[in-house]
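Hello,

Here is the structure I promised you. Please open it and follow along with the notes below.

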Amino acid sequence: MGVSQSVNDEAYLRLRAGIDAQYPPGQFIAIDHGQIVDDAPALDELLESLQNRGLEPTNLLVVQAGVEPVTEAVILLATNLA
Amino acid sequence: MIAAVSEQRNPYKGDPPRPWIRVQLVGPAGNAVTVELIADTGSPCSVIIAESPLLNLRLAGATGMVTNFGQLKGGWLRVAIPEIQFDAHVIGYGGDAVAHAAARSDLAFSGVGGLPLLRLLAFGGDNDEFWIGDR
């Protein structure tokens, strides 16, 4: 994980309650270097806006307001080991 | 007049036999890669593929996930299934161990398609095949 990704993930944990309170459910939010830099009601719209501003979306964290992220999971995917 | 039913039907494949779906992952430049994913309603992840293709195909970053297969990287993916007119953005994950485990059943499998993706579709199965359709 790159430093930027880690910073953004940590920032999201800190910002999440405020994001859920401030933005309508489902709104797409872009976080860069720990700060909210843009938002839009649709992902395509957000990506276009970011690119128009010279920001590379793959370097940012994009989350949705009101959507709880899955951060831990057990994946079963049993296989025949014989 | 009865409307035509759009669906994708796939005979179980692999050892052990797996239900599976064929999807296109459309990258940032519009480049589409067709992959076969084990359909797993027990998986809480929409899509899991190997890390490298995830990083190449993701449109934006997303939160990662800690699993029993290790840390998975996250990214927003565009998933298209042309035969059922499905086209949506979902959070996908990259994990080589998961992709490797899927390929142990059949080398054609690139990963897993889980419940968050399947519930955007109609899906089902019988003794011979697994199917998905438009809702």
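Start in chain A. A:His33 sits in the loop between strand 1 (28–32) and strand 2 (35–40) of chain A. Strands (E, at least two residues) and helices (H or I, at least four) are DSSP runs, numbered from the N terminus.

A word on the source. This is a predicted model: local features need pLDDT of at least 70, side-chain atom pairs count only at pLDDT 80 or more, and totals for chains, interfaces and linings use all residues. Residues are numbered from 1 along each chain as its sequence is written, chains are lettered from A and ligands numbered from 1 in the order in which they are written, and side-chain values use heavy atoms, with hydrogens and water left out.

Back to the backbone. Most residues other than glycine have a negative phi, and most peptide bonds are trans. A:His33 has a positive phi of about 50 degrees. A:His33 is also exposed, at 61% relative accessible area. Exposed means over 50%, buried under 20%, and partly exposed in between (1.4 Å probe, protein chains only). In chain B, a cis peptide bond joins B:Asp15 and B:Pro16, with omega about 0 degrees.

Now the salt bridges. Each is a side-chain nitrogen of Lys or Arg within 4 Å of a carboxyl oxygen of Asp or Glu. One joins B:Arg9 and B:Glu129, with the closest N and O atoms 2.8 Å apart. B:Arg9 is in strand 1 of chain B and B:Glu129 in strand 10 (residues 129–133), so the pair ties together parts 120 residues apart in sequence.

Best wishes
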